[in-house]
Amino acid sequence: MEAEMMDLARTAGTAVVTLMATDAWERTREGVVALWRRVSPSRAEGVEGELEAARDDLLLARENGDTLVERELCEEWAGRLRRLLRDRPDVAVELRRILADLYPDEQVQTRSVQMRAEASGSGRVYQAGRDQHITER
């Protein structure tokens, strides 16, 4: 799996868990469940119940000062989203949209760069996903 997809899953998993204890929880849950409903309707209801159970665990852990539970939940939801993205890479666009809706003031990375090059003989290839400065003499 591409590093970009793994980063997206990690970011989304952390966002989902973090937002469980905020006023944005309802909107977050609705977005995540809608995503599952679209790609795996038979699992959507189960995911909704698991999100609610995770939220209960998180709130109780915060009440008791247990920070380990929050980290575990972030890893758990990142893993679920990573597997979803592995099986359905097309979901990445929708997941990014959900994150952008939840964090409107932050830019969520939505572009990807694909490059291919061939060189033969004395040819040179220079590629960059962003800035590149080459000085040859």
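Mentor: An axis here is a line fitted to C-alpha atoms, for a helix over the stretch in contact, and angles between N-to-C directions run from 0 to 180 degrees. Two packed helices are described by the angle between their axes and the distance between the axes. The model is predicted, so local features need pLDDT of at least 70 and side-chain atom pairs count only at pLDDT 80 or more, while totals for chains, interfaces and linings use all residues. Residues are numbered from 1 along each chain as its sequence is written, and side-chain values use heavy atoms, with hydrogens and water left out.

Helices (H or I, at least four residues) and strands (E, at least two) are DSSP runs, numbered from the N terminus. The protein has five helices and zero strands, in the order α-α-α-α-α along the sequence.

Start with the neighbour that follows in sequence. α4 packs against α5 at an angle of about 140 degrees, and their axes are 9 Å apart. That makes α4 oblique to α5. The rule is that angles under 35 degrees count as roughly parallel, over 145 as roughly antiparallel, 65 to 115 as roughly perpendicular, and the rest as oblique. From α4, Leu 81, Leu 84 and Leu 85 meet Val 91, Ala 92 and Leu 95 of α5, where contact means heavy atoms within 4.5 Å. The residues of this contact divide into six nonpolar, no polar and no charged. For that count, Ala, Val, Leu, Ile, Met, Phe, Trp, Tyr, Cys and Pro are nonpolar, Asp, Glu, Lys and Arg are charged, and the others, Gly among them, are polar.

α3 passes α4 in a left-handed crossing; a crossing is left-handed if the near helix is turned anticlockwise from the far one by less than a right angle, and right-handed if clockwise. On the α4 side, the contact is made by Val 69, Glu 70, Leu 73, Trp 77 and Arg 80, while α3 contributes residues including Val 47, Leu 51, Ala 54 and Leu 58. The residues here divide into eight nonpolar, no polar and five charged.

Leu 51, in helix α3, touches Trp 77 among other residues, including Val 16, Trp 25 and Val 33, leaving out those up to four places away in sequence. At 0% relative accessibility, Leu 51 counts as buried; buried means under 20% relative accessible area, exposed over 50%, and partly exposed in between (1.4 Å probe, protein chains only). The C-alpha atoms of Leu 51 and Leu 73, 22 residues apart along the chain, are separated by 10.0 Å.

The contact of α4 with α1 (residues 3-19) has axes that come within 7 Å and cross at roughly 135 degrees. α1 and α4 are therefore oblique to each other, and α1 passes α4 in a right-handed crossing. In α4 the residues concerned are Glu 70, Leu 73, Cys 74, Trp 77, Ala 78, Leu 81, Arg 82 and Leu 85, and among those they meet in α1 are Met 5, Ala 9, Gly 13 and Val 17. This contact divides into 12 nonpolar, three polar and three charged residues.

Gly 13 deserves a separate look. Its contacts beyond four places in sequence are Cys 74, Trp 77, Ala 78 and Leu 81. The C-alpha atoms of Gly 13 and Trp 77 are 4.6 Å apart, although 64 residues separate them in sequence. Gly 13 counts as buried, at 0% relative accessibility.

For context, 34% of the 137 residues of the protein count as buried. Of the contacts in the protein with a separation of 6 or more, 61% are between residues 24 or more positions apart.

Last comes confidence. pLDDT is the predictor's confidence in each residue, from 0 to 100; the protein has a mean of 87, with 89% of its residues at 70 or more. Among the elements, α3 has the highest mean pLDDT (95) and α5, residues 91-102, the lowest (90). Over residues 107-112 pLDDT stays under 50, and the model has seven contacts beyond four places in sequence for them.
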